[in-house]
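I opened this model to go through its helices, its packing and a few backbone angles. My entries follow in the order in which I looked things up.

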Amino acid sequence: MISSKLLKLKLVALIAVFCMSGYSTFANPAEGEPQEKKGFNAKEVILGHVKDAHDWHLLDIAGTPVTIPLPVIIYSKERGLSTFSSSQFHHGHASYNGYRLVNEHYLEEKHLDPAKFVAGKVIAVDGEDNPTGEEIYDWSITKNLTSMLIGAILLVWIMTSVAKAYRVRGSKQAPKGMQSLLEPVIIFMRDEVAKPNIPGAYERYTPFILTIFFFILINNLLGLLPGGANVTGNLAVTAALALISFLATMFSSNKHFWAHTLNPPVPGWVKPILVPVEIIGIFTKPISLMIRLFANILAGHIIILSIISLVFIFGSLQPIAGFGFAPITIVFNIVMMMLELLVAFIQAFIFANLTAVFIGQAMEGGHDDHHEAKHH
């Protein structure tokens, strides 16, 4: 037991060291320009990880970024559809086919307003590399989208493997492998989440609740891997998930729900106050889902990256201090990684559980009606 725990601690420590090795204190050199050493910029490193990107940055080797180029798909009303690899941008130091990837260096060089030209976005440029203001539509396969596709493929593969095991082995034989790992989770989500919150229709909604739970969980766990994408820490992703939950709730609603919302059983003089509150509450529920998942995952990533950055901050002041602080950083990161692993499961469960609660409320007309029906 002790050796197993030591092995796990060593593995986490190795991952933490690998994470730290993935960041460099050198600027990305432009083509034909000498490589200049640059002080460590913690803000650039942290934002570079948590933001979406047109390539997948893995690590830097001697100041040279090692990335996986991704497809860039741009549509312009004037030039039509353009597709090419993000490697053509040379990490934001070159334009290609009349398009450029905005970065901090380009903003400083052209004296552009960062509020208007956002770093990491693709813009149209002229022959002198100046913005043209042309309206374009960016449909590129970005880092977050690629990670989501990987997560979706893993989800389908895992669920189909478990379903195949049930078909082959049947329900009377003891589960094995992936089936034995996921069966308690699936049963728990069905009996403790879907069944009590959506009585009478839980069998129909259990696959939907399970899909939400495992999709969020898989992407949370992928985001903890070295070089992983910050998918569920992206507001656009959590907004899309909250929208799906909202639509499922609205399509599940019945006349009792709307009667309770638009004509609540309260005195007439209270209705003008309560009805707007009830209507606002319909929209605040998915918004709370969106912000809760986004804030918890993003905060965890920022804390971990901030602790890692301390090594390079101390190292830029004194190399010996950087090496001396490294063991402390590893210990802190082990604790934070364990906490983030717990948060990954908790946030997936909370999102799926609250979605089931909202669907159940929409189908039953609220908890009060449901409890009253059970009492009678």
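I began with helix H7, whose buried residues are Val-237, Thr-238, Leu-241, Ala-242, Ser-245, Phe-246, Ala-248, Thr-249, Met-250 and Ser-252. Buried means under 20% relative accessible area, exposed over 50%, and partly exposed in between (1.4 Å probe, protein chains only). Helices (H or I, at least four residues) and strands (E, at least two) are DSSP runs, numbered from the N terminus. I noted that the model is predicted, that local features need pLDDT of at least 70 and side-chain atom pairs pLDDT 80 or more, while totals for chains, interfaces and linings use all residues. Residues are numbered from 1 along each chain as its sequence is written, and side-chain values use heavy atoms, with hydrogens and water left out.

I then asked which elements the buried residues of H7 pack against. They pack against H4, H6, helix H8 (255-262), H9 and H10; contact means heavy atoms within 4.5 Å.

I checked the length of H7 next. Its 18 residues should span 26 Å at 1.5 Å a residue, and the end C-alpha atoms are 25 Å apart, which agrees. The expected span is 1.5 Å times one less than the number of residues.

Ser-245 counts as buried because its relative accessible area is 1%. Not counting residues up to four places away in sequence, Ser-245 touches Leu-289, Phe-351 and Thr-355. Ser-245 and Pro-286 are 41 residues apart in sequence, yet 6.9 Å apart in space, C-alpha to C-alpha.

From there I went to Phe-351.

Which residues have the most contacts inside the largest nonpolar core? I found Met-189, Ile-198, Phe-213, Phe-214, Ile-216, Leu-241 and Phe-351, in a core of 39 residues. Helices H4 (143-169), H5 (178-197), H6 (202-222), H7 (235-252), H9 (271-317) and H10 (319-364) each supply at least two residues of this core. H6 gives the most, with eleven residues. Apart from this core lies another, of nine residues, among them Val-72, Phe-84, Phe-89 and Leu-101. A nonpolar core is a set of buried Ala, Val, Leu, Ile, Met, Phe, Trp, Tyr and Cys residues joined through side-chain atoms within 4.5 Å.

I turned to H10. Its 46 residues should span 68 Å at 1.5 Å a residue, and its end C-alpha atoms are 64 Å apart, which agrees. H10 has a kink of about 35° at Ala-326, shortly before Pro-327; the bend is the angle between axes fitted to the seven residues ending at a residue and the seven starting there.

I looked up positive phi angles. Most residues other than glycine have a negative phi. Asn-97 has a positive phi of about 55° and sits in the loop between strand S4 (80-85) and strand S5 (99-101). Asn-97 counts as partly exposed, at 47% relative accessibility. Asp-129 has a positive phi of about 70° and is found in the loop between strand S6 (122-124) and strand S7 (136-138). Asp-129 is buried, with a relative accessible area of 15%.

Last, I noted the totals. The protein has eleven helices and seven strands, and 41% of its 376 residues count as buried.
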